[in-house]
Amino acid sequence: GFLLIWHFGTNGTRLGEIMPGPIVILKSFFEAFTQKTAGYTIFGHTFWSLSRVLVGYSVACILGISLGLLRGRYRLAEAIFRPFYEMIRPIPPIAWIPLVILWFGVGELPKYAIIFIGSFTNITLNAYTGAQRVDPTLIGCARMLGTSDRDIFLRVILPSSLPQIFAGMQVALSTAWMAVLAAEMVGAQEGCGWIILRGSDTTNIPLVLVGMVVIGVVGLVLATLMREAERRLCSWNRMDV
């Protein structure tokens, strides 16, 4: 229904003067798989964007989960890190672009940094919340049975926090994929975000929409994969009705 409205809207009204119809977009989309833009097909540009997300997001997961669990279980860590975290959390990733260019130049590192910043806060917050919500009765029982602090962390705190951690990772993955556009504004010559910027600079609206479609489709696939990983790793936490 949406495609029909779009088709007749762009063919029967003045909307067609500023926006191409779905047939044009679909044709451009499939042509992008074989025709190269700046030396890459759509597969190459998608690979570049995914590789950047993978690096920035992976580092954000490692540091964010570690810091969140640390803050959630130790008051000293919470007292030290909370003021800095609360100051950084409201700042959008795009606002960091001038600073990361100043600090890291215009290579790949600033792109990783922007994606990292976009992912880090959500992961940290959810890991912190998960660690705080661990049932104290479980920890007390483990201590009473003589369990070491290391095993309490690995067998009680971490498993109990996993559902909340995965929720943060799910949101952070979407944020990281959206941050690609901002990251690829920093001197990139390839990537899905760069395709949109290239189309905007050349007033090539079909190219802009092709980039948007690719970002949407890949984002959907990434979210589905993350939900499947959560379903398998946290199967004990599901409630089938």
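Phe 30 counts as exposed because its relative accessibility is 55%, whereas Phe 29 counts as buried at 17%; buried means under 20% relative accessible area, exposed over 50% and partly exposed in between, with a 1.4 Å probe and protein chains only. The model is predicted, so that local features need pLDDT of at least 70 and side-chain atom pairs count only at pLDDT 80 or more, while totals for chains, interfaces and linings use all residues. Residues are numbered from 1 along each chain as its sequence is written, and side-chain values use heavy atoms, with hydrogens and water left out.

Rings of Phe, Tyr and Trp (its six-membered ring) pair if their centres lie within 6.5 Å, and planes under 30 degrees apart count as stacked, over 60 as edge-to-face and the rest as tilted. By this rule there are eight aromatic pairs, including the two in the table.

| Pair | Centre distance | Plane angle | Class |
|---|---|---|---|
| Phe 29 and Phe 30 | 5.4 Å | 75 degrees | edge-to-face |
| Tyr 40 and Trp 48 | 6.3 Å | 80 degrees | edge-to-face |

Tyr 40 is partly exposed, with a relative accessible area of 29%, and Trp 48 is likewise partly exposed, at 26%. One aromatic cluster is formed by Phe 29, Phe 30, Phe 33 and Phe 43.

The charged end of Arg 71 sits over the ring of Tyr 85, 4.9 Å from its centre, and Arg 71 also lies over the face of Tyr 128, at 4.4 Å from the ring centre; the criterion is NZ of Lys or CZ of Arg within 6 Å of the ring centre and within 35 degrees of the ring normal.
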